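Here are my notes on the model you sent. Please read them with the structure open.

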Amino acid sequence: MAALSFRNVIKRYGHGAKANQVIHGVSAEIADREFIVIVGPSGCGKSTLLRMVAGLEEVSAGEIAIGKRVVNQLEPAERDIAMVFQNYALYPHMSVFQNMAYGLKIAKVPVDEIKTRVDKAAKILELGHLLERKPRELSGGQRQRVAMGRAIVRQPQVFLFDEPLSNLDAKLRAQTRLEIQKLHRELGITSLFVTHDQVEAMTLAQRIIVMNAGVMDQFGTPEEVYARPATTFVASFIGSPPMNLLKQAPGVRPGMILGIRPEHLTLDADGWSVQVEYVELLGAERLIYGRVGDEQLVVRADESQPAPVAGDTVKIAARQDKLHWFDAGSGKRAA
Amino acid sequence: MAALSFRNVIKRYGHGAKANQVIHGVSAEIADREFIVIVGPSGCGKSTLLRMVAGLEEVSAGEIAIGKRVVNQLEPAERDIAMVFQNYALYPHMSVFQNMAYGLKIAKVPVDEIKTRVDKAAKILELGHLLERKPRELSGGQRQRVAMGRAIVRQPQVFLFDEPLSNLDAKLRAQTRLEIQKLHRELGITSLFVTHDQVEAMTLAQRIIVMNAGVMDQFGTPEEVYARPATTFVASFIGSPPMNLLKQAPGVRPGMILGIRPEHLTLDADGWSVQVEYVELLGAERLIYGRVGDEQLVVRADESQPAPVAGDTVKIAARQDKLHWFDAGSGKRAA
Amino acid sequence: QTEIQWWHSMTAVNGEWVNDLAKQFNESQKEYKIVPTYKGSYDESMTASIAAFRAGNAPHILQVFEVGTATMMASKGAVIPVGQVMKDAGAKFDPSAYISAVAGYYTAPNGQMLSFPFNSSTTVYYYNKDAFKAAGLDTEKAPATWPEVVAAAAKLKAAGHKCPFTTAWQGWTQLESFSAWHNVEFATKSNGLAGMDARMKINSPLHVRHIENLSNMAKQGLFVYKGRGNVPEASFVSGECAMINTSSGFYGNVAKNAKFAYGLAPLPYYPDVPGAPQNTVIGGASLWVMSGKKPAEYKGVAEFFKFISTPEVQSASHKRTGYLPITTAAYQLTEKSGFYKQNPGTDVAVTQMIRKVTDKSRGIRLGNYVQIRALEDEELEQVWSGKKAPKEALDSIVKRGDELLERFQKANKS
Amino acid sequence: MVERRTTLGILAHAVMIVGVLIVAFPLYLAFVASSHTAQEVLQAPMSLIPGGHLWETYKAALFGRASGAGSTAPVARMMWVSLVSALVITFGKIAISLLSAFAVVYFRFPFKSLCFWAIFITLMLPVEVRIGPTYQVVSNLGMLNTYAGLTIPLIASATATFLFRQFFLTVPDELVEAARMDGAGPMRFFWDVLVPLSKTSIAALFVIQFIYGWNQYLWPLLATTSEDMYPVVIGIKRMIAGGEGQNEWNIVMATAILAMLPPALVVILMQKWFVKGLVDTEK
Amino acid sequence: MEKRVVFRSGWLPWALLAPQLIVITVFFFWPASQALMQSLQMQDAFGSSTEWVGLQNFRQLFDDPGYIESFKTTALFSVLVAFFGISLSLLLAVFADRVVRGAMVYKTLLILPYAVAPAVAAVLWVFMFSPSLGVVSYALGKFGFEWNHLLNSGHAMTLIVLASVWKQISYNFLFFLAGLQSIPKSLIEAASIDGARPWRRFWTVQFPLLSPTTFFLLVINVVYAFFDTFAIVDAATQGGPGKDTAILVYKVYYDGFKAMDLGGSAAQSVVLMAIVIVLTVIQFRYVEKKVNY
Ligand SMILES: Nc1ncnc2c1ncn2[C@@H]1O[C@H](COP(=O)(O)OP(=O)(O)OP(=O)(O)O)[C@@H](O)[C@H]1O
Ligand SMILES: Nc1ncnc2c1ncn2[C@@H]1O[C@H](COP(=O)(O)OP(=O)(O)OP(=O)(O)O)[C@@H](O)[C@H]1O
Ligand SMILES: O=P(O)(O)OC[C@@H](O)CO
Ligand SMILES: [Mg+2]
Ligand SMILES: [Mg+2]
């Protein structure tokens, strides 16, 4: 277990004229035992960042340190890390046991100890009865657990996860999320978890790194990121349905953007007139899609509020203590 | 456009001793222009039901009628239906235009009219600029729209959808859902939509058929299904997190099951003592997982309520007007 | 024990004969072991051996049919003249003991015998007496001229015979032997014996007439084409074809396998051609000794040759296979044994061969002869199938043959 | 299939039966011929019902007691030669191809694309087109009449390398990455992961190469000059000489059947793998 | 195409490539260059005299009507073999794909010819069609059809095509069957809902989707017809009657090994190599493209 530092890390693919910079100087200090989630849209450089930590990609400039060691020049195997891949990358021809034991075998760990460690990991992950199976004989969730087991047995300094849940269905995803949390509580290994799913990010992270096109837009706890998004990008990326970002609504100064989350809008109050376009029922609550002037707007209302139908015009007010202001030019938070 | 009836439909796979009955007598009357969603867990027979309507599977017993015609003995081509497959089943060697035109060409529709109809459908689906592309040159969402386009141009009596959204990512899924609704409003074609995702079912359906192991557990509007689930199965299947079903909580008579949705539980009221196990933060609200006696319990609380942490013991009360009672033996709704 | 490789092309009865010879020789002494290997048909084994020679892997003894003689002779340093081998081995070797028509063919202008005449044959005429009887033909008097052959064939056909007449080795029997038999040139320069600049002559009116005649027979179903090389021979043994022109070396096979009475006769001729019948040309094969082997091995080769040229072995071979007795002594021995009397017709080959020869009938020895044979086959097939007129085909043989002769001349000029 | 109509099903069976009858007829005929005596076979037409001389014929063929035209060498020995050469070709090709495909796919090195093309140009150039010079090379190396000469020149082609390359390209990158994280070097990865994963491709190639090796004709025809190095296919050809009537067709056909047995076994036993291996890797 | 991750090592790739490179250098490039050289030379049969003749061998080759004829023969033969080989096996595969019961038996019997050597296949077919003792020619005779491939070049061509197609059908069949089975079932269902009946469906959906397989097989079959059928021709017709079945490889072999015209044969080898290289490149391009998408 170790701390992890990014010091102005830059990544370019290709050389010379064809070089394509995809990470533009990321710096971050991650404490020992922390669980960090890197979130951002597809192509923003999450995997690249992670793979640089793993040693699968070279760092173009800057430094990555694990504990006190700068690891830029080390082989993946020397970095004392473990990684869980999106598609799990289990060795299809090896049994679950062999998959988990492979790294230890190569490291020439004595057979007895391999057995103990694999068994222990299998117990934690409830894989005990599956040890003899081949990956193709496992369900998606079980495979995912094997991939985790393979990482665990190594007892690494740092865990890396590259969207490990995206191949699971919704139910399993939720459940696995809980398991990962539990595991982290038990083992306390510094973890870097990549996802493009903000729900996953919010529920798992101790701190979140929000990436946007190779730049780290925000680095903070889920609460901070949700409550005080640093940029419009973060504001619209985190939260579902996303924060309403209004440029022309009554009361918004030119050059500024007003952000307000759907749940902070109340129906039937003294506020903007909103033309209801349609209503979506989500079990306990409703999403009301409407239009104020030229701008789209979403309101999240629970059962206790009135239920308008498409075509209605309703009055909507925003909770004043929940307004976010952004600079329209830079997208940065103003207040 | 036509009504659709299932009359005691039974489906067996295999013959004789090896026969395996998977649909156990489904009866339902679907009105003309209705949008019906069939929902249920994997393997419950949703696809089978749909495929029997399409004519891709034989009906073992009972009748299926489209309009006034019993279609049991008709070839798929003769049933005047259109179907959207989960993997879209686009012809990879044909352009988008050709994909949509294929059925019309076979039906010997004049070339001019084919063009008009395809163009119209393309316009509705915003595919106009993609008509010359091959499916592999399209994104997932675009492919999905082509699949719909292929169904639309046929102007069939009935639309069949077999989990058409499950290959899309969350954002696209939500968006396509809206498009399908819009389409149905515009075209008014009787539709049968299969999904295992209850959110999808709730947002799309005019009426929902909840299937459970080959049996139709409930057939009603989303509101009915949510507010008055007919069985414990429906109760636990619809709604996320699912309804708490308690057998031994204080006040529950033996032989009965008490159902109560997480959002109908309130913190800090005068009620059960609940041991909090952990708390999940979902943007605007919290899910509090806990235990009352031996039973698991979930509470959904919004920001306005207090925020307990794991290990706390809190008091929880249920809204008395929102209690559901089921017979523990049959699982059927008692009151 | 010194092993001596011997590649041959003898099949069936003749194949057994070759194996028996080797066995007898191997049993007769302890020092050498002859290993006979069947290397495919004459042309196959010849080309295989040439390839093997180029690869430094040639056998000691190689059986080459007469067609390959010019090629073998022209090869510089690939072969060692048999005369030389025998001399070096100190073996007594007297070329004059051989029948001159045979020895002459394999002898270099300087009088050196180049190869060992092992199984010399000539073209003869076989007929099925049972079939003749069934067709009401005289079983004891074979048709002697081509018109008689046609007539006989017609009768056979009328009697329901599906294949009255066929011929094996069509180039050899119907063009080469035919030329000598009628004393017309096959090629210039004494049919090539006198120099490499020989050119083809087989589009003469007589040749055209003969091929036309055969072609008409083919059209009427009197002559049925049965394939190249010795392939058609099978159809005679099986009784399918009633008459065949082929090698005298086919005799052993007929004698062993024919389930009917048969007769041997001289080749037919055209009675109006002056000088016909003359004599037939030599066929069959001789044994060549390849260069680059150890002296001890050559000694063994010489021993073997000595063994197979003893009159006893020779005569037995002659009786068994129908190949010519190549020494006068063997011929006399056979005659004395009464074999010819008991088996009428078996002397036909010998008598055909030992007539007085002319420049046009001494033999045929051309360069690239193997390919010329092949193109004779190709062109004649076109005639039999009616795709080419006889004259056209023969002209084409001459033209294409001349090109091959030219090429050979060029490649071997120095 | 969608249609329930039985007519189509019946038609399908009908087509299959006709197809099978036609395709299998030559083989059946060969079998029938091998169960008759040579004389019975010559009876035009030969009886189409198996005769009673099966055992004799096969014994004669296997141990060389035939007395007919052409070669009468024992087939047992030829089968052995065929088997050895087919196996050497198969394993040799698979082994060197695995290695070179691995190099081509998983390494970056100078002149890589040159090597690549040098190898793949041999992909479809069969020995036949360079038969003469190859023969000379082999004889210069003194490899005529040896198993080496019979096999190595046939190994010199890229079919297998190509197939493995195609397969390797489909192996997910993550697997290499996982192996690297686990501390595996290139060769370790090759043995522990790549080779086991290539099982189906290897099996498919085994079938193809075995058949290819076993069925060689032109090359052994040249490269062997001694009868005890004849593979069985050459043996059959050697048995046929001088016209239909002279051949012992029963023995020839018995030999044909014998010559077919090992490759047929390989094909039948491995047919599932064979197709899978080829299709999975896109040929 | 490249892997994202590659191993780094200076010597290892060379060590791995060495066996293959050595083998192809010695047994491929050396002979091939040898062939190139010989194509510019004229040699006597025993190789004792060699003369450089420049392009004369090629000139002679293309002046030779026989060679041009052989080209035509090869073209005809390849087209026939590829066409019948592919269409018949496709037919069988399509129906095999429909059959559920007994499929295994059919399949096994259909793939047997794959195990038969071309040379042996030719022997089997010659045996059936032999004018004097063949069972089939006998049967044909009963119907008044006189079969004679010794003289009738149509018959001869038919015979070698039959034998070649028969031999190749199994291989094609296996690929087509696999190809058909890898077409998603839902596409067929979609087409049937679109109203297409089996025949139409086959031509508009299955057949186009099989085109990669078909193309692959086309190349393979052409190469097969060009080269692997040597044994069939040699054993069945030896190029006859006339030269009507003398395909190019047969001629290479014949001229080089029977006629001992090494220069001419080498020149033909060079021409054949050029043809095959073109075919290889086409095939390669295609495969590469396909793997990419
Ligand atoms: N090997 C590579 N060569 C060149 N560019 C690359 C390479 N790998 C990734 N990129 C580019 O770098 C950028 C970041 O890619 P990365 O894989 O890190 O994105 P990501 O955030 O993980 O996206 P996703 O959520 O889709 O996995 C993208 O624009 C991508 O196209
Ligand atoms: N062709 C078949 N033969 C035999 N059983 C089948 C067949 N197709 C489906 N079944 C069985 O019928 C039952 C219902 O299958 P069906 O495909 O209708 O489920 P589903 O509700 O669509 O599930 P999913 O959500 O996974 O698609 C399952 O138990 C399945 O195993
Ligand atoms: O059958 P053979 O042995 O007499 O040989 C015939 C040859 O001479 C034909 O060229
Ligand atoms: Mg990524
Ligand atoms: Mg389904």
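Two strands are said to pair if DSSP finds at least two bridges between them. Helices (H or I, at least four residues) and strands (E, at least two) are DSSP runs, numbered from the N terminus.

This is a predicted model, in which local features need pLDDT of at least 70, side-chain atom pairs count only at pLDDT 80 or more, and totals for chains, interfaces and linings use all residues. Residues are numbered from 1 along each chain as its sequence is written, chains are lettered from A and ligands numbered from 1 in the order in which they are written, and side-chain values use heavy atoms, with hydrogens and water left out.

1. Hairpin in chain A. Strand S1 (residues 4-13) and strand S2 (residues 20-30) of chain A pair antiparallel over eight bridges. Tyr13(A) has Asn20(A) in S2(A) as its bridge partner. Six residues lie between the two strands of this hairpin, and Gly14(A) takes a positive phi near 80° there.

2. The other partner of S1(A). S1(A) also pairs with strand S4 (residues 61-66) of chain A, again in the antiparallel sense, over five bridges.

3. Strand S7 of chain B. How many residues of S7 (residues 158-162) of chain B are buried? Five of the five are, so the strand is largely enclosed by the rest of the structure. Buried means under 20% relative accessible area, exposed over 50%, and partly exposed in between (1.4 Å probe, protein chains only). Val158(B), Leu160(B) and Asp162(B) point one way from S7(B). Phe159(B) and Phe161(B) point the other way. Note that Asp162(B) is among the buried residues.

4. Neighbours of S7(B). Strand S6 (residues 81-84) of chain B pairs with S7(B) in the parallel sense, over four bridges. Val84(B) stands opposite Phe161(B) in that pairing. Strand S8 (residues 190-195) of chain B also pairs with S7(B) in the parallel sense, over five bridges. There, Phe159(B) faces Ser191(B) of S8(B).

5. Ile36 of chain B. This residue sits in strand S3 (residues 35-39) of chain B. Is Ile36(B) buried or exposed? Ile36(B) counts as buried because its relative accessibility is 0%. Contact means heavy atoms within 4.5 Å. Leaving out residues up to four places away in sequence, Ile36(B) touches Ile30(B), Ser191(B), Leu192(B), Phe193(B), Arg207(B), Ile209(B) and Phe219(B). Ala201(B) is 165 residues from Ile36(B) along the chain, with 8.8 Å between their C-alpha atoms.

6. Helix H2 of chain B. H2 (residues 96-106) is mostly covered, with eight of its eleven residues buried. Among them are Val96(B), Met100(B), Tyr102(B), Leu104(B) and Ile106(B). What covers the buried residues of H2(B)? The cover includes helix H3 (111-124) and helix H4 (140-153) of chain B, together with helix H8 (185-193) and helix H9 (198-209) of chain E. Just after H2(B), Lys108(B) has a positive phi of about 60°.

7. Chain C overall. Chain C has 19 helices and nine strands. Its C-alpha trace spans about 60 × 50 × 35 Å along the principal axes. The radius of gyration is taken over C-alpha atoms, and the globule rule is 2.2 Å times the number of residues to the power 0.38. For 414 residues, a compact globule would have a radius near 22 Å; chain C has 21 Å, which agrees. Of these residues, 65% count as buried. Among contacts with a separation of 6 or more, 77% come from residues 24 or more positions apart.

8. Chain E overall. Chain E has 13 helices and two strands. Its C-alpha trace spans about 75 × 70 × 30 Å along the principal axes. Buried residues make up 65% of its 293 residues. Of contacts between residues at least 6 apart in sequence, 67% join residues at least 24 apart.

9. Between chains. Which of the eight touching pairs of chains has the most contacts? Chains D and E do. Chain A and chain C do not touch, and their nearest C-alpha atoms are 49 Å apart. Chain B and chain C do not touch either, with nearest C-alpha atoms 49 Å apart.
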